Amino acid sequence: MRGRDMGVQMVGPLIIKFGTDAQKAYWLPRILSCEDIWCQGYSEPGAGSDLANLRTNAVIDGDEFVINGQKIWTTMAHDSTHIFMLVRTDPKAPKKQQGISFILVPMDQPGVEVRTITTLAGETEFCEVFFDDARTPCENLVGELNKGWTMAKSLLSFERVFIGAPSLAQNALGQLETYARGAGRFDDPVFCDRFAEVALDVEDHAALYARFADQLKRGEPLGADVSMLKIWVTETFQKITELMIEVAGPDGGTLGPLQVGNVGVDVLAAFYKARPTTIYGGSNEIQRNILSKAVLGLPG
Ligand SMILES: Cc1cc2nc3c(=O)[nH]c(=O)nc-3n(C[C@H](O)[C@H](O)[C@H](O)COP(=O)(O)OP(=O)(O)OC[C@H]3O[C@@H](n4cnc5c(N)ncnc54)[C@H](O)[C@@H]3O)c2cc1C
């Protein structure tokens, strides 16, 4: 089974699009075999929604980049062998979007320190990553030096398809149905009405997703409207998990699976899992800004 790495969904497509033949020949088979496990080093303290503020820098020393700075919220960094990252390579560039490069960096070296961050749910899912004279060969630069912003934006559209997939909401709907059936809630017409509302949202979203997936299969680039997928699936996911907490009543705050008949449903874990989804991959407020400007043509 494939691990939870960002190789196939994110850095792989980027290497296919912007990498050299040598990079493709080296990295792609290793991504497919899971020999390398990737994490994404974009966000920093002070550079989240406004990503171009990033300050982690890389300086060329002989045939290597020397990297100093800090990344944060790096999902699964503690389980990764490599990090793809945005670094500042020209601090004097006139605009902050210029002078950024995209590099591939091995994690197993003395200059890289990973510290896990524990979430509200008690899980160590993401990390801080510190770079203190960390090194990577110059051949691990993807695309042109100082042109990383173009690639970063391209990668974000792959990410939005990946995180906009229907499975988040579909799985939660399945859990809600199991729990509500076990708790006898389908006898209540008010609950049935609310269940139908979220179930239809899930169906509509899946149909929209299929449209974008077909576009990708035809090799067509995705437009800014792909932001709709992420907004829709994450907000539907949250609505479903909130309804599940309501159905559970006073038990909704209980840690661990709640037993209904012979199945257990972890209502609180699903609720916790849904909370950060509207933040990662570009918060939903930022996705709405993109839609309003690039799709509706409203003033920025
Ligand atoms: C679970 C999780 C996993 C993550 N994994 C990774 C990862 O693997 N790699 C990585 O690089 N990053 C990762 N991130 C970081 C994520 O991309 C950032 O949290 C996100 O981009 C928001 O940045 P920020 O946290 O700095 O919030 P800020 O940018 O400080 O935003 C704070 C609030 O202000 C709002 N806001 C900011 N600017 C505007 C604006 N112009 N208009 C309207 N509202 C605005 C935001 O929507 C948000 O509600 C992860 C985050 C989470 C929660």
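Predicted model: local features only at pLDDT ≥ 70, side-chain atom pairs only at ≥ 80, totals over all residues.
Ser227, Met228, Lys230, Ile231, Thr234 and Glu235 of helix α6 are in contact with Asn284, Gln287, Arg288, Ile290 and Leu291 of helix α8. Helix α6 covers residues 227-248 and helix α8 covers residues 284-295; their axes come within 9 Å and cross at roughly 145°. The crossing of α6 and α8 is left-handed.

Staying with α8 for a moment, I draw your attention to Ser292, which lies in that helix. Which residues does Ser292 contact, leaving aside its neighbours within four places in sequence? They are Gly297 and Leu298.

I turn now to the pair α4 and α5. Two packed helices are described by the angle between their axes and the distance between the axes. For helix α4, residues 167-182, and helix α5, residues 189-217, the axes come within 10 Å and the crossing angle is roughly 160°. Angles over 145 degrees count as roughly antiparallel, and α4 and α5 are therefore roughly antiparallel to each other. Their crossing is left-handed. On the α4 side, the contact is made by Ala169, Gln170, Leu173, Leu176, Glu177 and Ala180. On the α5 side, the contributing residues are Phe191, Phe195, Val198, Ala199, Val202 and Ala206. The composition of the α4–α5 contact is 10 nonpolar residues, 1 polar and 1 charged.

Helix α1, residues 7-18, packs against helix α2, residues 21-32, at an angle of about 165°, and the axes are 10 Å apart. The angle makes α1 roughly antiparallel to α2. The crossing of α1 and α2 is left-handed. From α1, the residues that meet α2 are Gly7, Val8, Val11, Gly12, Ile15 and Ile16. From α2, they are Gln23, Lys24, Trp27, Leu28 and Ile31. How many of the residues in this contact are nonpolar, polar and charged? There are 7 nonpolar, 3 polar and 1 charged.

Across the whole structure, a search finds 10 aromatic pairs. A pair of aromatic rings is described by the distance of the centres and the angle of the planes. For Tyr42 and Phe84, the ring centres are 6.3 Å apart and the planes stand at 85°, so this pair is edge-to-face. The pair joins distant parts of the chain, 42 residues apart: Tyr42 is in the loop between β1 (38-41) and β2 (57-61), while Phe84 is in strand β4 (residues 82-88). Are these two residues buried or exposed? Tyr42 has a relative accessible area of 4% and is therefore buried, and Phe84, at 0% relative accessibility, is likewise buried.

I close with Phe271 and Tyr272. Their ring centres are 6.3 Å apart and their planes are at 50°, so the pair is tilted. Phe271 is partly exposed, at 21% relative accessibility. Tyr272 is partly exposed too, with a relative accessible area of 25%.

How values were computed
Residues numbered from 1 in each chain as written. Heavy atoms only, no water. Axes fitted to C-alpha atoms, helices over the stretch in contact; angles between N-to-C directions. Helix = DSSP H or I, 4+ residues; strand = E, 2+ residues; numbered from the N terminus. Parallel < 35°, antiparallel > 145°, perpendicular 65-115°, else oblique. Left-handed = near helix turned anticlockwise from the far one by under 90°. Contact = heavy atoms within 4.5 Å. Nonpolar A, V, L, I, M, F, W, Y, C, P; charged D, E, K, R; others polar. Phe/Tyr/Trp six-rings, centres within 6.5 Å; stacked < 30°, edge-to-face > 60°. Buried < 20%, exposed > 50% of the residue type's maximum accessible area, 1.4 Å probe, protein only.
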